[in-house]
Amino acid sequence: MKSRYQREEAEAFVRSAGCPEHLALRLYTSRLIGRDPELVLHGGGNTSVKGTLRTLLGDEVECLWVKGSGSSLDKVTARDFPALDLSYLRRLVALESLTDEEMVNQLRTHLFDASAPNPSVEALLHAFLPHRFVDHSHADAVVTLTNQPDGEALIREALGPEVIVLPYIMPGFPLAKAVFEAYQAHQPKAGILLMQHGLFTFGDTARESYERHIELVDRCEQTIAARRRSIQTPDVAYGAERARTLAPRLRGAITKAAGVSLVVERRFGPEVLQACALPQAPALFETGPLTPDHVLRVKPWPLFLSAEAEDDTALAADLARAVARYQAYFETHRARSPQARALDAAPRVLLDRATGIWAFGKSKQEAMIAADIAEHTLTAKVAADAISGYRALPDGDLFDMEYWSLEQAKLGKTKPRPLEGRVVLITGAAGAIGRGIAEVCAEAGAQLFLTDRDEAGLAAAQAAFASIQVRGCVMDVTDRSSVERAFDCLLAEYGGVDVVVANAGLAHVASLESLEPGDFSRLLAVNAEGTLATIAAAARVFRAQGLGGNIILNSSKNVFAPGKDFGAYSASKAAAHQLAKVAAIELAPLGVRVNMLNPDAVFSHGEVPSGLWSLVGPSRAKSRGLEISELYEFYRERNLLKVPVTAREVGNAVLFFATNQTPTTGASLPIDGGLVEAFPR
Ligand code: ZN
């Protein structure tokens, strides 16, 4: 590992940071640490700097800026470093003990800004060390060496006498105090190593502390490299067919076991597949995490799937084994935390010889974090196995972290959004109504999979969600192989689907007399056959997944109230409508509901015009003797409620059905402001 510190870059950063120099340099080197996934992953690690701060009354007070919990080092800003009353915090070391809740309270009540984020739970440790800059990471190389039977000897050899080594202690006051006492007794020059946890370094400057950190981690990496025995890496082929079969089954089984809807992130790079194909893989990988912190993301152990897991019975047996192991762990250790409320027993990481890592989370983002941890864990366990063997901390330490009172206190605090963890596939997502539906579902916490045959339009629709993970794929509903490819892509991205919105549609204006047969076929292909293809593909996933589901067809007001010159559209939409009713009958045994929406006169969504109205608007205006600009007003005046209809309102109707608010299937919901001639019957 090499230092990433560059003097010019650091100076430029200080000039543009808009905060005092010591804090700017603190941010700069914190980001350097955060940029290295071999040092910290997603919110792991923390850093601090000490200095003085002038209060409103003009007093100069000693201050500790320490990373707040919840932020990731690679993107930290001054806002992520709450300032604390350092002289006060230092005095806390005299206490015999301090509960975690009281420690959090002490930190919160000694902030200089009441709205600052909560300081890291390792804040006192930073406060008790005398150095100006302190850096802390959970480096892969450190946990690789320390999770071994002779881990302590290995790490001492790697780091030399400038670093003191402490056994694993749960973060909080006891750890901060133990570090302080060890520091007082030994006065280490460079740092403090915590077994199965990570490394602290310190220095008078940001650069000194950071570069000491890098140098020590580099020494650990060298030690690993020098001792690594070559392992026979098996030849592996990715089991694409197996992955396709497993995806909805695994998602269904894990979601049921966890009691919350989860999505998957798969990793199957060559290193992952080679690791999973090692003969010792199940025993090596079904072990505890590199550091207890990971338990909060990936649960205590992954489950290694049996070769027969494609079979539902074998998969159920695999999962039952994992659940039983978890329940026994809870029962064995529950006395350590008498108030502990049992968490779900489902693993969050599954491993498979042919298909690699399957990591689960309540969102794509969460699943990706779990997958990153799982990938680093595999690499570290393989490396440890090639030295003196991998040995994780005892289960009791994992339990203490998983059932930590501070973590338990978070339970039930935030109400999940109605579509959290649910995957919503939308066809025709580039159009106005598709965009409105996507927007409402995303706000409800859904994981979106957008499809459209218009590649540029689809890209624009996806780009509208820059701040969340959205997936999608070009799909032409008139082409069965295109539909199949899109659903394969859906399974690869999320593992399954909960809500399928059949929204793709096409319009054409011509009287029956003048309607070209080709145009009629074209509309039938999109509106009727396309709906059939979408329903059929969705049904196959729902069946494999076993979680029920929703299909929602964007039908049309025309189904109830057809209009002249609109025969091809009305007839093909009526066919789709009837198909959806049959689907409601056929899919009810799977717990799948199928409902229809009947909107009217949705002209656009923001800047996105409705394809249908761009096409029919001019002729409709002409036949009514109106200017195009008057049409909007005309349709508003036409309905009983005298209201315009928006794409987001169609989205609200999707949300209503997708959340199973009423025991309803095979039903139609008009979204038209009230049109007597289009009342469903
Ligand atoms: Zn830590």
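Helix H10 (residues 240–258) packs against helix H20 (residues 480–494) at an angle of about 55°, with their axes 9 Å apart. The model is predicted, local features require pLDDT of at least 70 and side-chain atom pairs pLDDT 80 or more, whereas totals for chains, interfaces and linings use all residues. Residues are numbered from 1 along each chain as its sequence is written, and side-chain values use heavy atoms, with hydrogens and water left out.

Helices (H or I, at least four residues) and strands (E, at least two) are DSSP runs numbered from the N terminus. Axes are lines fitted to C-alpha atoms, for helices over the stretch in contact, and angles between N-to-C directions run from 0 to 180 degrees. The angle makes H10 oblique to H20; under 35 degrees counts as roughly parallel, over 145 as roughly antiparallel, 65 to 115 as roughly perpendicular, and the rest as oblique. The crossing of H10 and H20 is left-handed, a term for a near helix turned anticlockwise from the far one by less than a right angle, clockwise being right-handed. In this contact (heavy atoms within 4.5 Å), Arg-244, Ala-247, Pro-248 and Arg-251 in H10 meet Asp-488, Leu-491 and Tyr-494 in H20. These residues divide into four nonpolar, no polar and three charged, where Ala, Val, Leu, Ile, Met, Phe, Trp, Tyr, Cys and Pro count as nonpolar, Asp, Glu, Lys and Arg as charged, and the others, Gly among them, as polar.

H10 also packs with H21: their axes come within 7 Å and cross at roughly 50°, and the two helices are therefore oblique to each other. This crossing is right-handed. Pro-248, Arg-249, Arg-251, Gly-252 and Lys-256 of H10 make the contact with Val-541, Ala-544 and Gln-545 of H21.

H21 (residues 517–545) packs in turn with helix H22 (residues 567–587), at an angle of about 15° and with axes 8 Å apart. That makes H21 roughly parallel to H22. Their contact includes Phe-520, Leu-523 and Ile-535 of H21 and Tyr-569, Leu-579 and Leu-587 of H22. Its residues divide into 16 nonpolar, three polar and one charged.

The model also holds a zinc ion, whose protein donors are Glu-122 (OE), His-136 (NE2), His-138 (NE2) and His-197 (NE2), lying 2.1 to 2.6 Å from it. Donors are N, O and S atoms within 2.8 Å of the metal (3.2 Å for Na, K and Ca), and sites may look incomplete because water is not among the atoms. The four donor atoms subtend angles of 80 to 160°, which makes the arrangement irregular. In sequence, the donor residues are spaced E-x13-H-x1-H-x58-H.

How values were computed: Tetrahedral: all angles 85-135°; square planar, octahedral: opposite > 155°, others 65-115°.
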